[in-house]
Amino acid sequence: PGAGAPEAPEAPAAHGPAVAWAEEELPQTLPMKAAYSSEATDGLTATRSAAVATPRRRRALARISREHTRRFKDGVGHPFPRVRALVRQPVFENSMALLIILNCLFVGIQANTPEKGGLDPATKFAFFVCDQIFTFCFFMDLVLRVTACGWTWLLDSENYLDVFLVVLSVIVTWIFVPAGVEVEILRKLTVLRTLRLVRLARAVKMRPEFKEMWSLLKGLVDSAETLVWTYVMICILLYFFAIMATSLIGRQEDFRNNTLVQEHFGDVPRSMLTLFQVMTLDSWSGLCRQIMIGDKVWIALFFIVFITIAEFVLMNLITAVIVENAFSDSKTEEQEMAQRLATQKQKELEDLKHFFRALDADGSGMLTREELLEACKKRKVRRKLRALDVMPKELNELWEILDDGDGELSAEEFVAGLMRLRGEAKAKDILRLNRELKVFEGSIKAIAQDLDSSEGKMVSLKSQMQRAKVDIASLQRTFARAKESVKIAAHTQPLR
């Protein structure tokens, strides 16, 4: 309204007190709801961000692990090439294997030596020095492997045991002992260093002579879950029958004062221990006969039922499950081996293709004898050929083997020929050789037939030549007689 205009009268509440309360409270409530909604939205956004970030971190970690593995294998871009070369040396692995064996022998000698009153100062000092040496060597092994393989090596589940044993040995040997702290449980845990033999077994698993040992060890490790559930089933079965044995045997009035029965079936834990002994078939008949007093023949039936279920059924089922797992692991191992061999073969094919391109000087995609001989003048090429078990003096023989007669080798012919030369003879190679021998044998037979036919023709020709010779001789005699007749006729009848 303009200045001086009368104010409009206040409008009455059309809908009563409820509308008035809404008009008063609504402006105060809206900001609170907006704030609550904003906090809820922020919390939901943060939860979603964390849920999305976790897979991202895993993918980033997997990518970093693959990059570390690649750098360790091919060495391209590795920050410490000398450390990588040292760790990849077979001498390094063999030295660590020997050190693990010596450490296990040392732990056995140390455990066999009495702790009190049995060690002189010289022996204690020798043990101390050996302990320091082993700890230092294994610590340096861990440092070198982390440096060569990257820090993601520590996150591999196969390396958890090595890391734990090294850290435990460092804590006990280099921290607690110099500080004078005696932690008996940690010192006894150092006996676990003998578990490094698992690493030794894992290192030689690819060698054929250790295949059976690795199969047994892998079967034992893979059966751990089965063994856990085996113990669960055994405990349930023992608990069930222990309750029955305690109620039916231990609580019988006739056995209240029987020392033997109360010792074996007086309560549930004792009954479980006794039934475990019975389950192993350890002198159960002697125990059963001693407590079959009077009309207690049903006790034998109780033991027979328990042994039937526990030994003949449960234990055989467990054995069958473990054997099935072993067969399954064996098939899986064979599949992994086949996949590993296929990957190795593919890598060898790629290496041979790169080698072929290096030999092909003009880049035509075809290799000639001159290009091969010229490339073999380089030391790097000769080294590669020696790695393929081909000596430089065998190049001409190699070319005769690989060449199919056109004087050139394609990449496929070169790679396939060298792959056959490297490996053992396979069934398809033998079949191919057998087919070629049959073709060669057929050619020889055809040549032999041609020779036989030619020989017959030669005999016929020879006989014809003999007849021609006789005819020529006869003709010569005829000409000679005719000449004599002409001479005689010339003397007797002179020309007029």
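This is a guided tour of one protein structure, to be followed with the viewer open.

**The whole chain**

Begin with everything shown, and keep in mind that the model is predicted. The protein contains 18 helices and 2 strands, and of its 496 residues 23% are buried. Its accessible surface comes to about 35400 Å², and 63% of that area belongs to carbon and sulfur atoms. If you consider the contacts with a separation of 6 or more, 62% of them are between residues 24 or more positions apart.

**Stop 1: the largest nonpolar core**

Select Ile-249, Phe-265, Leu-275, Ile-299, Phe-302, Phe-303 and Phe-306, which are the residues with the most contacts inside the largest nonpolar core, a group of 25 residues. At least two residues of this core come from each of helix H9 (224-250), helix H10 (259-265), helix H11 (268-279), H12 and helix H13 (298-359). Which helix gives the most to this core? That helix is H13, which contributes 9 residues. In soluble globular proteins, nonpolar side chains tend to be buried together.

Now centre the view on Phe-306 and show what surrounds this residue. Leaving aside neighbours within four places in sequence, Phe-306 is in contact with Leu-238, Phe-241, Leu-275, Val-278, Met-279 and Glu-311.

**Stop 2**

Next, select helix H12, which covers residues 284-291, and colour Leu-287, Cys-288 and Ile-291, which are buried. Why do these residues belong to the same side of H12? They cover an arc of only 100° around the axis, and this places them on the same side of the helix. On the other side of H12 you will find Arg-289 and Gln-290, which are exposed.

**Stop 3**

Move to helix H4 (residues 121-149) and pick out Thr-135. Is this residue, Thr-135, buried or exposed? With a relative accessibility of 2%, Thr-135 counts as buried, since the cut-off for burial is under 20%. Once its neighbours within four places in sequence are set aside, Thr-135 is in contact with Ser-169, Val-170, Thr-173 and Trp-174.

**Stop 2: salt bridges**

The structure holds 6 salt bridges, and a few of them can be visited in turn. Side chains of opposite charge can pair when their charged atoms come close.

Start with Arg-70 and Glu-67, whose side chains meet in a salt bridge at 2.5 Å, N to O. These two residues are 3 residues apart in helix H1, so about one helical turn separates them. Arg-70 is partly exposed, with a relative accessible area of 33%, and Glu-67 is also partly exposed, with a relative accessible area of 33%.

Then select Glu-93 and Arg-145, whose side chains form a salt bridge at 3.1 Å, N to O. Because Glu-93 lies in helix H3 (residues 90-112) and Arg-145 in helix H4, this pair ties together parts that are 52 residues apart in sequence. Glu-93 counts as partly exposed at 31% relative accessibility, whereas Arg-145 counts as buried at 10%.

**Stop 3**

**Stop 4: a loop residue**

The tour ends at Asp-403, in the loop between helix H16 (395-402) and strand S2 (408-410). Asp-403 has a relative accessibility of 18% and therefore counts as buried. Not counting residues up to four places away in sequence, Asp-403 touches Glu-408 and Leu-409. Finally, draw a distance from Asp-403 to Gly-417: the two are 14 residues apart in sequence, and their C-alpha atoms are 9.3 Å apart in space.

Terms used. Residues numbered from 1 in each chain as written. Predicted model: local features only at pLDDT ≥ 70, side-chain atom pairs only at ≥ 80, totals over all residues. Heavy atoms only, no water. Buried < 20%, exposed > 50% of the residue type's maximum accessible area, 1.4 Å probe, protein only. Helix = DSSP H or I, 4+ residues; strand = E, 2+ residues; numbered from the N terminus. Arc of directions from axis to C-beta. Contact = heavy atoms within 4.5 Å. Core = buried A, V, L, I, M, F, W, Y, C linked by side-chain atoms within 4.5 Å. Areas by Shrake-Rupley, 256 points an atom, 1.4 Å probe, with all protein chains shown as cover. Salt bridge = Lys/Arg side-chain N within 4 Å of Asp/Glu carboxyl O.
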